[in-house]
Amino acid sequence: MTVKALVLKHLEMTYEKGPGQPSVRVALEGLTAQQAAWKPAPERHSIWQIVRHLVRWKQAIYEDWHGRRPDYAAIDQGDWAEATGDEAAWRRDLEALEAISQQYKAYLLGVSDEDLGREVPGLGVLAVSIMEMGTHDIYHAGQIRHLRALQGV
C-alpha cells in the first residue's frame, strides 16, 4: 500500500463511511437545525458549533498546505461562536463541511507520494498533517454521536 492510498483510506474512514466507527458524515445524517443547535448545558458546544469548527479549521489547514498561511490566532479567537438558525442555514453549514472535505480528497488524489513527504512549515509532513485532520474529524464524530444520544436521536 502506498502512502497516498493509506492516507486516502484514513480520510474515507473518518469523514465518509467509517466501517467500525461513525464517520462525520454518518454522525450528521438526518439531523435537523433544532437538534444541531441543542446544547446539554450553556457552557457546552452544540453539534452545529462542532460543524462550524470543523469547517473553519479544515479551511485554514487547506490554505496552509497551499502556502497561504492563515491567521491562526484570529481563527482560534473566533472559534466556537454560537450557532443558530433555520434549516436552510444548517444545510449551508453542512454543505460547507462537505465541500471542504471533498476538497481534501481531491487535493490528496492530485498529489504524488513524493509530495506527501514534503514539509509544510508549521504543520510538519503533509501526509501526517492530512492524517491529523482525519483524526480530528473522527474525534468530533464521537462528540456528535454522544450529543445525539443525549437527545435520544
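**Working through the model**

Mentor: Start with W80, which is partly exposed because its relative accessible area is 27%. Keep in mind that this is a predicted model.

Trainee: Where does W80 lie?

Mentor: W80 lies in the loop between α5 and α6.

Trainee: What about the phi of W80?

Mentor: W80 has a positive phi of about 70 degrees, although it is not a glycine. Most residues other than glycine have a negative phi.

Trainee: OK, zoom out. How many helices and strands does the protein have?

Mentor: Eight helices and two strands. Along the sequence the pattern reads α-α-α-α-α-α-α-β-β-α.

Trainee: And what does the radius of gyration agree with?

Mentor: With a compact globule. For 153 residues, such a globule would have a radius of gyration near 15 Å, and the protein has 16 Å, so the two agree. The C-alpha trace spans about 45 × 35 × 25 Å along its principal axes.

Trainee: How much of the protein is buried?

Mentor: Buried residues make up 44% of the 153 residues. The protein exposes about 7900 Å², and carbon and sulfur atoms supply 55% of that area.

Trainee: What share of the contacts joins residues 24 or more positions apart?

Mentor: It is 74%, counted among contacts with a separation of 6 or more.

Trainee: Switching to rings. How many aromatic pairs are there?

Mentor: The count comes to seven aromatic pairs. Take W57 and Y72 as one case. Their ring centres are 5.8 Å apart and their planes are at 5 degrees, so the pair is stacked. The cut-off for stacked is planes under 30 degrees apart.

Trainee: Which helices hold W57 and Y72?

Mentor: W57 lies in helix α4, residues 47-65, and Y72 lies in helix α5, residues 72-77. The pair therefore ties together parts that are 15 residues apart in sequence.

Trainee: Is W57 buried or exposed?

Mentor: W57 counts as buried, because its relative accessibility is 15%. Y72 counts as buried too, at 18% relative accessibility. The cut-off for buried is under 20%.

Trainee: Which aromatic cluster does Y104 belong to?

Mentor: One formed by Y62, W65, Y104 and Y107.

Trainee: And what sits over the ring of Y104?

Mentor: The charged end of K58 does, 5.2 Å from the ring centre.

Trainee: New topic: H53. Where is it, and is it buried or exposed?

Mentor: H53 lies in helix α4. H53 counts as buried because its relative accessibility is 8%.

Trainee: What is H53 in contact with?

Mentor: Leave aside neighbours within four places in sequence. Then H53 is in contact with D79, W80, H136 and H140.

Trainee: Now E16. What is its story?

Mentor: E16 is in helix α1, residues 3-17. At 14% relative accessibility, E16 counts as buried. A polar contact of 3.2 Å joins the side chains of E16 and K105.

Trainee: Which other residues does E16 touch?

Mentor: Not counting residues up to four places away in sequence, E16 touches L11, S23, R25, V26 and Q102, as well as K105.

Trainee: How about P42, buried or exposed?

Mentor: P42 counts as exposed, because its relative accessibility is 71%. P42 lies in the loop between α3 and α4. P42 and E98 are 56 residues apart in sequence and 28 Å apart in space, C-alpha to C-alpha.

Trainee: Last one, V128. Where is it found?

Mentor: V128 is found in helix α8, residues 126-151. V128 is partly exposed, with a relative accessible area of 42%.

Trainee: And how far is V128 from R91?

Mentor: V128 and R91 are 31 Å apart in space, C-alpha to C-alpha, and 37 residues apart in sequence.

Definitions and conventions
Residues numbered from 1 in each chain as written. Predicted model: local features only at pLDDT ≥ 70, side-chain atom pairs only at ≥ 80, totals over all residues. Heavy atoms only, no water. Phe/Tyr/Trp six-rings, centres within 6.5 Å; stacked < 30°, edge-to-face > 60°. Helix = DSSP H or I, 4+ residues; strand = E, 2+ residues; numbered from the N terminus. Buried < 20%, exposed > 50% of the residue type's maximum accessible area, 1.4 Å probe, protein only. Lys NZ or Arg CZ within 6 Å of the ring centre and 35° of its normal. Rg over C-alpha atoms; globule rule 2.2 N^0.38 Å. Contact = heavy atoms within 4.5 Å. Areas by Shrake-Rupley, 256 points an atom, 1.4 Å probe, with all protein chains shown as cover. Polar contact = N/O pair within 3.5 Å; in protein donor to acceptor, adjacent residues only side chain to side chain.
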